[in-house]
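Dear colleague,

Please find below the structure that I am handing over to you. My notes on what was found in it follow directly after.

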Amino acid sequence: MATPASALDVFDKDGVRLSVDDAVATVTLTNPAKRNAQSPALWRALAEAGRSLPGSVRVVVLRGEGKSFSAGLDRQAFTPEGFDGEPSFIDLARGSDQELDAVIAEYQEAFTWWRRNDIVSIAAVQGHAIGAGFQLALACDLRVVAQDVQFAMRETGLGLVPDLTGTHPLVGLVGYARALEICATGRFVGAEEAERVGLANLAVPADELDSAVQDLAGALLAAPRDAVVETKALLRGAAGRSYEEQRLAERAAQARRLRDLAGLSD
């Protein structure tokens, strides 16, 4: 997927480029030679992208250059030397529980900001989205996939667990039983199944991925921003509320909208 010609680059480093075109920001994984494999440096750059969004941005598109969205964690992480300037995973395993928890929490920050109420995030996914790549796509609100997409959660097969915030949205989208089966087997989930079970909002031919994402972004921008923000907050909180609590939340949100439309908000 191409970044619009009118977009301005905010930064480009460590395999991540952030570009902004008015109300739409594009975060691009820029290491196609390694199938956009992920590293701690890339995770820090993704977290920085979230902190660097201008207030004008309403929609964030996440994409990967090349044939694959992201093949997951760079296997260099599992070598004794790890990445230059970074503790290896072996070194991390030797630390205390508190130290290890703090490091994983830092890594997770790359995956947490995509569901902020003030933006709607869309992952444009082609080719492989494996492990950390799958979890990064799951971090977004919406997913548009090419028909060659291959999702897989491979952490369990490596003796690990998915720990980059992907388990909560996965269960929410496909249910506990299917999420367990996908994670425990590590099997591939293709475009047809992804769309059928709710992992993908839309599956399109690869050469239509750009235009499908652009159309979706345009549709999201058509509604007033505050109404979208309030609606997203209502929907995100619905699973944790009872029916009566959700009714109350709807009334409170609608009261705010009506007062705002009438010019009576504080």
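Please bear in mind throughout that this is a predicted model. On its surface, Phe78, Leu158 and Leu160 make a nonpolar patch of about 250 Å². Of these residues, Leu158 lies in the loop between β8 (150-152) and α5 (167-174). Leu158 counts as partly exposed because its relative accessibility is 44%, between the limits of 20% and 50%.

Helix α6 spans residues 176-185, and within it Ala179, Ile182 and Cys183 are buried. Viewed down the axis of α6, the buried residues fall within an arc of 90°, and therefore they line one face of the helix. Their packing partners are α4 (132-139) and α5. After α6 comes Gly186, which has a positive phi, near 70°.

Turning to the cysteines, a search of the whole structure finds zero disulfides. Cys140 is in no disulfide, the nearest cysteine sulfur being that of Cys183, 18 Å away. For Cys183, likewise, the closest cysteine sulfur is in Cys140, and 18 Å is too far for a bond. Cys140 is buried, with a relative accessible area of 0%; Cys183 is also buried, at 13%.

The structure holds 16 salt bridges, and I describe some of them here.

Asp141 pairs with Lys232, with the closest N and O atoms 2.7 Å apart.

Glu230 counts as buried at 19% relative accessibility, whereas Arg256, at 44%, counts as partly exposed.

Within helix α10, Arg257 and Asp260 lie three residues apart, about one turn of the helix. They form a salt bridge whose closest N and O atoms are 3.1 Å apart. Arg257 counts as buried, at 13% relative accessibility, and Asp260 is partly exposed, with a relative accessible area of 30%.

With kind regards

Key:
Residues are numbered from 1 along each chain as its sequence is written. This is a predicted model: local features need pLDDT of at least 70, side-chain atom pairs count only at pLDDT 80 or more; totals for chains, interfaces and linings use all residues. Side-chain values use heavy atoms; hydrogens and water are left out. Patches are made of residues with over 30% relative accessible area and no salt bridge: like charges are joined within 9 Å, nonpolar side chains (Val, Leu, Ile, Met, Phe, Trp, Tyr) within 5 Å. Accessible areas come from the Shrake-Rupley method with a 1.4 Å probe; for residues, only the protein chains shown count as cover. A salt bridge is a side-chain nitrogen of Lys or Arg within 4 Å of a carboxyl oxygen of Asp or Glu. Helices (H or I, at least four residues) and strands (E, at least two) are DSSP runs, numbered from the N terminus. Buried means under 20% relative accessible area, exposed over 50%, partly exposed in between (1.4 Å probe, protein chains only). The arc is that of the directions from the helix axis to the C-beta atoms. Contact means heavy atoms within 4.5 Å. A disulfide is a pair of cysteine sulfur atoms within 2.5 Å.
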